[in-house]
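This report describes selected features of the structure displayed below.

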Amino acid sequence: MLWRKTEPTAGFAEPRGGERGGLVHPSKALRIFVSEIRDRTSPQLLDTGQVIGTNIEYFARMGCKVFVHDVSAERRADLDAAERPARLVPGTRWSGLPYADGQFDGILAWDLLDYFRPEEVPAVIGELFRVLKNDALLFALFCSERAERPEPSQRYRIVDSGMLEHEPGDKPNAVKVFVTRLKNRDILDAFVPHRVLHFIMLKNRMREIVVRK
Amino acid sequence: MWKTKKDEGPDPITKQEETPSIPSFENRNVSIIPPKTRPSGGKEVMSSGVIHIGKSVCVKGEITGDEDLTIEGKVEGKIELKNHNLVIGSCAQIRAEIAAKNIQIIGSVVGNVIGSERVEIREVGSLEGDIIAPRVNIMDGAHFKGAVDMAKAPASAEKSFSKTESKISFGAPATTEGTA
């Protein structure tokens with residue numbers, strides 16, 4: 001027999017197959033990230049994206065303590081605010097992450113780095129890796145390199161350990177007002193001296209990466 | 001074959017009349033809602049024995065109890081309901097540590113939340129604080145900033161409930177604004 005039907009693993013989200021009109025695609029970066037997190041003892045995970053309950057539940061059921069800090073929302077608030085935050089990550093207008101050094105076993109950065117200017121990206125990556133433990137992983141997505149179309153505002157839902165759904169954001173047809181389009185080489189250079197485990201362009205031209213500290 | 005209405009047990013209103021009100025429940029601003037439509041709630045139909053803290057009520061201190069509770073007002077301090085359900089209504093503004101069996105958040109909460117069975121944040125709900133519960137449901141659109149821990153939920157909840165007394169009380173000093 002060439003194939004067999006497998007029962008869904010307990011504690012994992014049921015496939016959602018684009019039911020919200022999003023693009024579902026296999027994600028090797030997510031598979032690497034999940035398999036690594038799953039093998040750790042009492043892992044602590046930081047999700048910096050929009051609040052997606054099923055994502056939080058997915059990792060929490062795996063035994064993770066999941067911290068949620070929507071940086072994109074905070075970023076929008078920072079840019080709108082007249083006053084600067086009290087603490088800034090050097091080289092940015094971002095107040096950074098309110099967590100201790102080396103606290104997390106993994107970070108889901110989603111498209112966080114799209115919201116920063118190119119010159120800010122290295123400092124932001126430095127802040128993300130500050131709160132990561134040694135040997136821990138970071139998962140990130142980057143928008144299309146080409147600016148021939150508006151970049152849709154999306155959120156990202158884990159379908160299962162190797163499938164990710166890019167679904168429309170809160171408002172249909174919303175696009176990112178401000179977006180940084182890093183080139184592939186710039187992305188790889190930004191993560192030096194860390195170890196890039198996987199980097200690939202997806203069907204919707206987004207790039208996904210998983211990096212080990 | 002089919003049960004007649006008489007077979008279904010005593011009429012809820014009659015049952016409510018037979019049940020004595022909780023003696024320690026002295027505060028005039030908190031009431032046990034009979035199984036009727038709340039006058040202030042409009043469309044809301046409250047089940048028997050659910051305690052309701054209304055929109056205009058502000059409590060500073062500690063709420064402990066052995067009843068289901070719905071809060072629409074402001075609470076600052078601590079809320080502990082042993083083996084009972086708590087609903088934070090859409091108008092509620094809570095700054096408190098919360099422990100209950102099932103917790104549903106529709107309003108705004110700042111503080112840590114421990115659910116011995118389940119914690120749910122609805123689409124319009126907001127929580128800034130950590131959640132410890134074996135089942136957590138955060139709806140899309142909800143505001144949440146904090147940590148979720150489903151692994152150590154039962155032990156932590158039991159530990160928290162061990163000090164809970166079976167009464168409803170308000171810690172001093174209590175500030176009250178208006179009536180429910």
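## Sheet, helix and chain totals

In chain A, three strands form an open sheet in the order β1-β7-β6, with antiparallel pairing. Its edge strands are β1 (23–26) and β6 (154–160) of chain A, each of which pairs on one side only. From one strand to the next, the twist averages 25°. The model under discussion is predicted.

Strand β7 of chain A, residues 163–168, pairs with β1(A) in the antiparallel sense over four bridges. Within β7(A), A:Met163 is the bridge partner of A:Pro26. In general, the strands of a sheet pair through backbone hydrogen bonds, in either a parallel or an antiparallel manner.

Helix α2 of chain A spans residues 53–61; eight of its nine residues are buried, so the helix is largely enclosed by the rest of the structure. The buried residues of α2(A) are A:Gly53, A:Thr54, A:Asn55, A:Ile56, A:Glu57, A:Tyr58, A:Phe59 and A:Ala60. Just after α2(A), A:Gly63 adopts a positive phi of about 105°.

Chain B contains two helices and 13 strands. Further values for chain B are tabulated here.

| Property of chain B | Value |
|---|---|
| Buried share of the 180 residues of chain B | 39% |
| Share of chain B contacts with a separation of 6 or more that join residues 24 or more positions apart | 19% |

How values were computed
Residues numbered from 1 in each chain as written. Chains lettered and ligands numbered in written order. Predicted model: local features only at pLDDT ≥ 70, side-chain atom pairs only at ≥ 80, totals over all residues. Heavy atoms only, no water. Buried < 20%, exposed > 50% of the residue type's maximum accessible area, 1.4 Å probe, protein only. Contact = heavy atoms within 4.5 Å. Pairing = 2+ DSSP bridges. Axes fitted to C-alpha atoms, helices over the stretch in contact; angles between N-to-C directions.
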